[in-house]
Amino acid sequence: MKKLFFLFVIPLMVTGCNDVQRIDTVNDQGKQVMSLDYRDFDQAASQCIQSLIESGVLAKTDGSRYVLSTGVIINDTMQRIDTEQLTAKIEKDLMNSGLVVMTSAVGGTASNRDDTVYGLRDVRDSSRGEEFNQDTLPKQGQIIAPELSMTGKIFQRNLTYDKHKQQVEYYFELKVTNLKTGLRFWQNEVLIGKRGSNKTVAW
Amino acid sequence: MKKYFLLLFYTTSVFLLNGCNEPYKDDRVTVSSGVSRSTLADNILTRPVYGAFTLLVGYGIDLKDVKVFKNEAGFLEIQVTGHNRAVYNKSFDYKVDWIDANGISVDSKAAVWNTIFAKSRSIFSFKTVAPSRDAVDFRMNTRPTPN
């Protein structure tokens, strides 16, 4: 009897406690949450990518690619968001589309810049630079300046729907500006609205 | 007797004239319930029965048309037109996988489930564009929107 207990009951108890599941991020059928989750970022990014490519503003007539830098994306929501959750997806698809090449020399946030670009130049100009094969060091005037910059904002509005429900609206706004002329080439807004219990906190 | 003939003539004429006055129809324009005249599906008394019937029969989204074209920048675009035959608004998700000339799926962050909200008994359409010029074909899957 004791053996049976150890054989069947104990394993059952152990597996019963293990209620952690890995999310199928490709075909997630999980319930919606009031806060922003990865599905919202996926959808916002997807719509922005579609809009940018469809607009045709990134297609140069000579077939060459624009140099794009990512500026500041303001998080004006009540949530702690890394805005790169949005921009990284857009950047990836835009680069894969063959329309743009991203620059790491200039950017709105430190994570968009690669300090090695300037670090290597500092080394070149220092006494340590002589240790390098001079042909492999970057020369002056080789960095390509960005032609376009992508900036944006994510903001949130909380509304009372009725006694028991609240409505939360999330706006994803993105803009692409021509840095030479200052003219805005493209902009898009994606709205994701959620309605749910007042008991849920949207931050 | 003459009075009755006149009355009969009058009612028949009204009936016939009304019958000739068929409403103009164009598939591209949906005259929604509450805008057009009342039907079984709109009537406050018959609507629940009609709704239950459509649910039973399984009225839902019908595909009407798929247009595929290349835009000026050389990217493949598709426009899907459908018809929500149910008396209730319906939402569903779709996901497009783009295929290149070798039959390989084109990797894209835009290949996610997107939601479409289709109004009851209305035509709807949506457009989507390939993320790369390499895409020459597509596969589209749909699913009910998770609650």
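Helices, which are H or I runs of at least four residues in DSSP, and strands, which are E runs of at least two, are numbered from the N terminus. What we have here is a predicted model, in which local features need pLDDT of at least 70 and side-chain atom pairs count only at pLDDT 80 or more, while totals for chains, interfaces and linings use all residues. Residues are numbered from 1 along each chain as its sequence is written, and chains are lettered from A and ligands numbered from 1 in the order in which they are written.

Let me begin with helix H3 of chain A, residues 84-97. Just after H3(A), Gly98(A) takes a positive phi of about 80°.

Turning to chain B, we find an open sheet of three strands in the order E1-E2-E5, with antiparallel pairing, where two strands pair if DSSP finds at least two bridges between them. Strand E1 (61-70) and strand E5 (122-129) of chain B stand at the edges with a single partner strand each, so one side of each is left without a neighbour in the sheet. Eight bridges join strand E2 (residues 76-84) of chain B to E5(B), the two running antiparallel, and within this pair Glu77(B) stands opposite Val129(B).

Finally, the two chains touch: the contact takes 19 residues from chain A and 18 residues from chain B, two residues being in contact if their C-beta atoms, placed from the backbone, lie within 7 Å. On the side of chain A that touches chain B, the largest share, eight residues, comes from H2(A).
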